[in-house]
Amino acid sequence: MSHIQPRDFALLTDRDVDHTCVSCCGDEDFVLLRCRHCGHIWLECYECSTWFVNLHDLSQTVSSFISDPSARLACPECAVAFDDFNHLADDVVDAYLPNRDHVAAAGFGHFLVDGRADP
Ligand SMILES: [Zn+2]
Ligand SMILES: [Zn+2]
């Protein structure tokens, strides 16, 4: 059962991430995020709000937990702030998700279920 419900079905959700690639809090629910400004792609465990900000080095993590509704997360690469407090909410999540082509072009296809067959 996915919690991520983009309107665009080409976008990737938690169902598309190969959970065996990364270990986190033991209750992992991973979703890939993409910055619409710079194209940076990173991984969120939305069970514990951990961001894996560098998919080449999974030891680089930060907390993405914010509680103040006026606060905004920002891209870990270009620091452009998100437009929304809850970036995974159904009505805005499309702006933060990559599609399969984005992920493959960035060289991260191995993080996807069935991604290993990509050229
Ligand atoms: Zn976690
Ligand atoms: Zn960015």
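One helix and four strands make up the secondary structure of this chain. Keep in mind that this is a predicted model.

**Overall build**
- The radius of gyration is 13 Å, which agrees with the value near 14 Å that a compact globule of 119 residues would have.

**Packing and contacts**
- Buried residues account for 26% of the 119 in the chain.
- Take the contacts between residues at least 6 apart in sequence: 44% of these join residues at least 24 apart.

**Serine 49**
- Here's one to look at on the backbone: serine 49 isn't a glycine, yet its phi is positive, at about 60 degrees.
- Serine 49 sits in the loop that runs between β2 (41-45) and β3 (50-52).
- Serine 49 counts as partly exposed, because it has 14 C-beta neighbours inside 10 Å, and partly exposed means a count between the 12 or fewer of an exposed residue and the 20 or more of a buried one.

**Alanine 79**
- Alanine 79 also has a positive phi without being a glycine, this time of about 70 degrees.
- You'll find alanine 79 in the loop between β4 (61-63) and α1 (100-105).
- Alanine 79 has 10 C-beta neighbours inside 10 Å, so it counts as exposed.

Key
Residues are numbered from 1 along each chain as its sequence is written. Chains are lettered from A and ligands numbered from 1 in the order in which they are written. This is a predicted model: local features need pLDDT of at least 70, side-chain atom pairs count only at pLDDT 80 or more; totals for chains, interfaces and linings use all residues. Helices (H or I, at least four residues) and strands (E, at least two) are DSSP runs, numbered from the N terminus. The radius of gyration is taken over C-alpha atoms; the globule rule is 2.2 Å times the number of residues to the power 0.38. Two residues are in contact if their C-beta atoms, placed from the backbone, lie within 7 Å.
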